[in-house]
Amino acid sequence: MNRKPPLVAVVTGAGRGIGAATARRLATDGAAVAVLDRSASDTHATVHAIGAAGGRAVGIACDVAAADQVEAAFARVVDAFGRVDVLVNNAGVIRDNLLFMMTEQDWDTVLRVHLRGAFLCTRAAQRHMVPEGGGRIVNLSSIAARGNLGQANYSTAKAAVQGLTSTFAAELGPHGITVNAIAPGFISTPMTDETARRMGLEPDAFRHDTAARVPLRRVGSPDDIAGVVAFLAGPDASYITGQTIHVDGGHP
Ligand code: NAD
């Protein structure tokens, strides 16, 4: 950001995984952080960790796909911290199934959280960023945007997030707001543990097998993504917008 710290950051789905690591990293870098997740109890561990490390955080229950909850959450952030400088659209779910078994609910749930959620949160955030003359928005896409067996819903949502990123970058650039996406490869989180179990594998074995196919010979950690979010939210990224950055260890 060009504006002086302390910045105010909103991270969705920040109760665990990549979102939690990102919230902790932005707080370590000096931001006041709003930790959004489905329920207040989901936010407690992250808010506590940030507070214990000397940072500032508030936990807010918010289903990112529910417009009224999103509006109320951003009003609370502004009440607590005065403004919004950074938004990280990270909240996500998976409902994997091959096409012949995929239900309408599997489809709608995934599109609703990833895509409608990013749309609603970005719309709410820009209302506060535009009058301030700037802001940073980082969206979580995925290498699955290129297509992935059993993930038609997720791949579609993550590809659409890239379209939304370049479109919002064009619309919000004149207001000093950058909009970028990160497309992670395999990152070790509760989400990938869930995938392993659905495939009948132990999470450790799944990580081990995946690492063998990654050129850097390891799977990613949430901190690998948090560092790139921090870069995109920081002063060195002020002329980068509309981009999708792959953070995947060189995953083919
Ligand atoms: P995770 O399942 O560990 O965490 C996701 C968080 O989002 C949870 O805390 C969950 O409660 C929250 N969430 C879900 N639905 C929500 C809703 N409607 N409103 C608010 N919060 C909600 O997942 P993760 O692995 O940390 O993934 C974070 C993001 O990164 C997701 O968008 C995911 O698609 C993306 N991603 C992950 C990987 C990976 O390998 N882990 C790879 C590529 C992209």
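Tutor: Helices (H or I, at least four residues) and strands (E, at least two) are DSSP runs, numbered from the N terminus. This is a predicted model, in which local features need pLDDT of at least 70, side-chain atom pairs count only at pLDDT 80 or more, and totals for chains, interfaces and linings use all residues. Residues are numbered from 1 along each chain as its sequence is written, and side-chain values use heavy atoms, with hydrogens and water left out.

Student: How many helices and strands does the protein chain have?

Tutor: The protein chain has eight helices and seven strands.

Student: What makes the protein chain as compact as a globular protein of its length?

Tutor: The radius of gyration is taken over C-alpha atoms, and the globule rule is 2.2 Å times the number of residues to the power 0.38. For 252 residues the rule gives 18 Å, and the protein chain has 17 Å, close to that value, so it is as compact as a globular protein of that length. Along its principal axes, the C-alpha trace spans about 50 × 35 × 35 Å.

Student: Which confidence values does the protein chain have?

Tutor: The pLDDT (the predictor's confidence in each residue, from 0 to 100) averages 97 in the protein chain, and 98% of the residues score at least 70. Confidence is highest in strand β1 (residues 8-12), at 99, and lowest in helix α6 (residues 190-198), at a mean of 94.

Student: Why is Val-84 called buried?

Tutor: Buried means under 20% relative accessible area, exposed over 50%, and partly exposed in between (1.4 Å probe, protein chains only). Val-84 has a relative accessible area of 0%, so it is buried. Val-84 lies in the loop between α3 (67-81) and β4 (86-89).

Student: Which residues does Val-84 contact, leaving aside its neighbours within four places in sequence?

Tutor: Contact means heavy atoms within 4.5 Å. Leaving those neighbours aside, Val-84 is in contact with Val-8, Val-10, Phe-74, Val-77, Val-78, His-128 and Met-129. Phe-74 is 10 residues from Val-84 along the chain, and their C-alpha atoms are separated by 8.2 Å.

Student: Why is Val-35 called buried?

Tutor: Its relative accessible area is 0%, so Val-35 counts as buried. Val-35 is in strand β2 (residues 32-37). Beyond four places in sequence, its contacts include Val-11, Ala-23, Ile-50, Ala-57 and Ile-60.

Student: What makes Arg-217 exposed?

Tutor: Its relative accessibility is 57%, so Arg-217 counts as exposed. Arg-217 is found in the loop between α7 (203-213) and α8 (222-233). Its phi is near 60 degrees, a positive value in a residue other than glycine.

Student: Is Gly-220 called buried or exposed, and why?

Tutor: Gly-220 has 11% relative accessibility, so it counts as buried. Gly-220 lies in the loop between α7 and α8. Not counting residues up to four places away in sequence, Gly-220 touches Phe-186, Ile-187 and Ser-188.

Student: Why is Gly-133 called partly exposed?

Tutor: At 48% relative accessibility, Gly-133 falls in the middle class, so it counts as partly exposed. Its place is in the loop between α4 (104-132) and β5 (135-140). Gly-133 touches His-175 and Gly-176, with residues up to four places away in sequence not counted. The C-alpha atoms of Gly-133 and Gly-176 are separated by 5.8 Å, although the two are 43 residues apart along the chain.

Student: What share of the protein chain is buried, and what share of its contacts with a separation of 6 or more joins residues 24 or more positions apart?

Tutor: Buried residues make up 50% of the 252 residues. Residues 24 or more positions apart account for 70% of those contacts.
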